[in-house]
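Good morning, colleagues. I would like to take a few minutes to go through one structure with you, beginning with a pair of helices and ending with the nonpolar cores.

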Amino acid sequence: MMNLAERHQFILSRLQKDQYINVIDLCKELKVSSVTIRKDLKLLEDKSLLFRTHGGATVNNPYTVDRPVNEKEKIQSTEKNKIGIAAAALLNENDSIVIASGTTVYYFAKNITPSTHLTVVTSALNVALELMREPNIDVIQLGGILRKSSSSVMGAYAEQVLQDFYFNKLFLGVDGIDLDFGLTTTNAMEAHLNRKMINASQKTIVLADSTKFGKRGFGKICGLEEIDHIITDKGISEQIVKHLEGLGVTVTIV
């Protein structure tokens, strides 16, 4: 049986590899109780070596904060563009889609160049402005309260308008993806609008770079079992991919 220092080294090595670790898995691998593992994780957190989460720990700070869209757009820009290209490849002739807000879905919009007709409803002003240039796209901009940090609208009016539509696909951006808590954003009203979009869509496709995994925002959008497909980058750990696939979620890595 490993001593304290050896357990801590094992935990940190696993975190370095997988980015997220589960208490139950560590109990089985180290052959110790959950009480012991939780004490180990607390000691390591006190040394600022990890962040504890519900049921485990992560190497990244799991708590997201709201930042302006022009600032977020520069983060992981190469990965977001690749995700956008992969998402655009999922579009079919005469699709009717809804696009939520966020910088990753904005990169998706920049890569939409349909040769046939496409109808897009969106809450994001920057997405609508980007798609205006395409002659084959009919754009319907939702109205409501303007959230300046995400260049998007939200609120009761936007939710009411959604009741008149049903979509083939929803392309959804998020601020956090937590294996226990689900999908989140930093704004509760935006999370509520996102849930309405899910209810109005046949298929929900999440566009998220790998830094979003293991994080939680203030407003919960939905559980992982409610989504169909996630497109992300190579930074995602194998453990997270297996967990998602076990829930029936298709994972595309670019």
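An angle of 65 to 115 degrees between two axes counts here as roughly perpendicular. Please keep in mind that this is a predicted model.

Helix H1, residues 4-18, and helix H3, residues 34-46, have axes that come within 11 Å and cross at roughly 75 degrees. H1 and H3 are therefore roughly perpendicular to each other. On the H1 side, the contact involves Leu4, Arg7, His8, Ile11 and Leu12, and H3 contributes Thr36, Asp40, Leu41, Leu43 and Leu44. Sorted by class, this contact has 6 nonpolar, 2 polar and 2 charged residues.

As for annotation, an unreviewed UniProt entry lists residues 4-59 as "domain: HTH deoR-type". Over residues 4-59, the chain is 64% helix and 16% strand, with its end C-alpha atoms 20 Å apart.

Finally, the cores. Which residues of the largest nonpolar core touch the most other members? They are Leu172, Ile177, Leu183, Val206 and Leu244, in a core of 36 residues. Elements giving two or more residues to this core include strand S9 (167-173) and helix H10 (238-246), while H9 gives the most, with 4 residues. Beyond its neighbours within four places in sequence, valine 206 is in contact with Leu172, Val174, Ile177, Leu183, Ile227, His229, Ile230 and Ile231. A second, separate core has 21 residues, including Ile97, Val127, Leu131 and Phe171.

Thank you for your attention.

Technical notes:
Residues numbered from 1 in each chain as written. Predicted model: local features only at pLDDT ≥ 70, side-chain atom pairs only at ≥ 80, totals over all residues. Heavy atoms only, no water. Axes fitted to C-alpha atoms, helices over the stretch in contact; angles between N-to-C directions. Parallel < 35°, antiparallel > 145°, perpendicular 65-115°, else oblique. Contact = heavy atoms within 4.5 Å. Nonpolar A, V, L, I, M, F, W, Y, C, P; charged D, E, K, R; others polar. UniProt positions renumbered as here; feature names shortened; annotations may be inferred. Core = buried A, V, L, I, M, F, W, Y, C linked by side-chain atoms within 4.5 Å. Buried < 20%, exposed > 50% of the residue type's maximum accessible area, 1.4 Å probe, protein only.
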